[in-house]
Amino acid sequence: MLGQWICEVTENKKKEDVKNNYSSQQKLFDQFLELVVQYHDKERSVMFYANKLCITPKYLSQVVVKVSGRYAVDIIRDQVIFKAKALLRSRQYTVQQVAGMLSFPNPSFFGKYFRQEVGVSPRQYMVG
């Protein structure tokens with residue numbers, strides 16, 4: 001499997017670069033952020049982003065914490081919440097539509113996720 005081999009070679013190279021050069025970690029972190037901006041509305045797992053970067057989720061998490069002081073899952077979540085807030089504030093979409101746009105399995109799960117992070121329901125956030 002050529003794709004897997006390429007990922008293995010790339011991962012080993014990135015690990016060597018990171019050991020030798022802080023800017024390599026910053027570059028990997030920047031690539032992670034670009035992917036989060038691109039895919040946050042469809043993917044919320046660290047594994048997805050690690051696979052895209054051809055590294056392990058553990059390694060991605062270590063680099064993200066070292067560079068930013070934050071966990072990868074928190075960065076992904078914050079981007080999802082930022083987008084949800086923007087969509088809800090626009091009042092162009094219903095809560096159900098926003099849940100669908102952000103690839104939540106259903107509006108109820110989106111509501112729980114949003115309330116846990118923001119402190120109010122999506123509907124309350126829209127009107128208040």
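## Chatting through a helical model

Q: Let's start with phenylalanine 32: buried or exposed?
A: Phenylalanine 32 is buried, because its relative accessible area is 0%. Keep in mind that we are looking at a predicted model.

Q: Good to know. How confident is the prediction, what's the average pLDDT of the protein chain?
A: The average is 90, and 83% of the residues score at least 70.

Q: And which elements have the lowest and the highest mean pLDDT?
A: Helix α1, residues 2-20, has the lowest mean at 57, while α3 has the highest at 98. Where pLDDT is low, the predicted coordinates should not be read in detail.

Q: OK, rings next. How many aromatic pairs does the count come to?
A: The count comes to 10 aromatic pairs. One of them joins phenylalanine 32 and tyrosine 49 edge-to-face, with 5.8 Å centre to centre and 85 degrees between the planes.

Q: Which helices do those two sit in?
A: Phenylalanine 32 is in helix α2 and tyrosine 49 is in helix α3, so their pair ties together parts 17 residues apart in sequence. Tyrosine 49 is also buried, since its relative accessible area is 0%.

Q: What does tyrosine 39 form with phenylalanine 48?
A: Tyrosine 39 and phenylalanine 48 form an edge-to-face aromatic pair too, at 5.2 Å centre to centre and 70 degrees between the planes. Phenylalanine 48 has 18% relative accessibility, so this residue counts as buried.

Q: Which residues do ring pairs link into a cluster?
A: The cluster is made of Phe104, Phe109, Phe110, Tyr113, Phe114 and Tyr125.

Q: Let's look at α7, then. Which residues are buried there?
A: Phe110, Gly111, Tyr113 and Phe114 are buried in α7. They cover an arc of only 170 degrees around the axis, which means they are on the same side of α7.

Q: Why would residues a few places apart point the same way?
A: An α-helix has 3.6 residues a turn, so residues three or four places apart point the same way.

Q: What covers the buried residues of α7?
A: The cover includes α5 (72-90), α6 (95-101) and α8 (122-127). On the other side of α7, Lys112 and Gln116 are exposed.

Q: What goes on at the start of α7?
A: There, asparagine 106 brings a side-chain oxygen to within 3.1 Å of the backbone nitrogen of serine 108.

Q: And what follows α7?
A: Glycine 119 follows α7, and the phi of this glycine is positive, near 100 degrees.

Q: Where is serine 121?
A: Serine 121 sits in the loop between α7 and α8. This serine counts as buried because its relative accessibility is 13%. Leaving aside neighbours within four places in sequence, serine 121 is in contact with Phe114 and Arg115.

Q: Another loop: what about aspartate 41, where does that lie?
A: Aspartate 41 lies in the loop between α2 (22-39) and α3 (46-52). With 15% relative accessibility, aspartate 41 counts as buried. Apart from neighbours within four places in sequence, aspartate 41 is in contact with Met101, Leu102 and Ser103.

Q: Last one: which helix does valine 73 lie in?
A: Valine 73 lies in helix α5 and is partly exposed, with a relative accessible area of 45%. Valine 73 and serine 61 are 12 residues apart in sequence, and 8.4 Å apart in space from C-alpha to C-alpha.

Methods. Residues are numbered from 1 along each chain as its sequence is written. This is a predicted model: local features need pLDDT of at least 70, side-chain atom pairs count only at pLDDT 80 or more; totals for chains, interfaces and linings use all residues. Side-chain values use heavy atoms; hydrogens and water are left out. Helices (H or I, at least four residues) and strands (E, at least two) are DSSP runs, numbered from the N terminus. Buried means under 20% relative accessible area, exposed over 50%, partly exposed in between (1.4 Å probe, protein chains only). Contact means heavy atoms within 4.5 Å. pLDDT is the predictor's confidence in each residue, from 0 to 100. The arc is that of the directions from the helix axis to the C-beta atoms. A polar contact is a pair of N or O atoms within 3.5 Å; within protein, one must be able to donate a hydrogen and the other to accept it, and residues adjacent in sequence count only if both atoms are side-chain atoms. Rings of Phe, Tyr and Trp (its six-membered ring) pair if their centres lie within 6.5 Å; planes under 30 degrees apart count as stacked, over 60 as edge-to-face and the rest as tilted.
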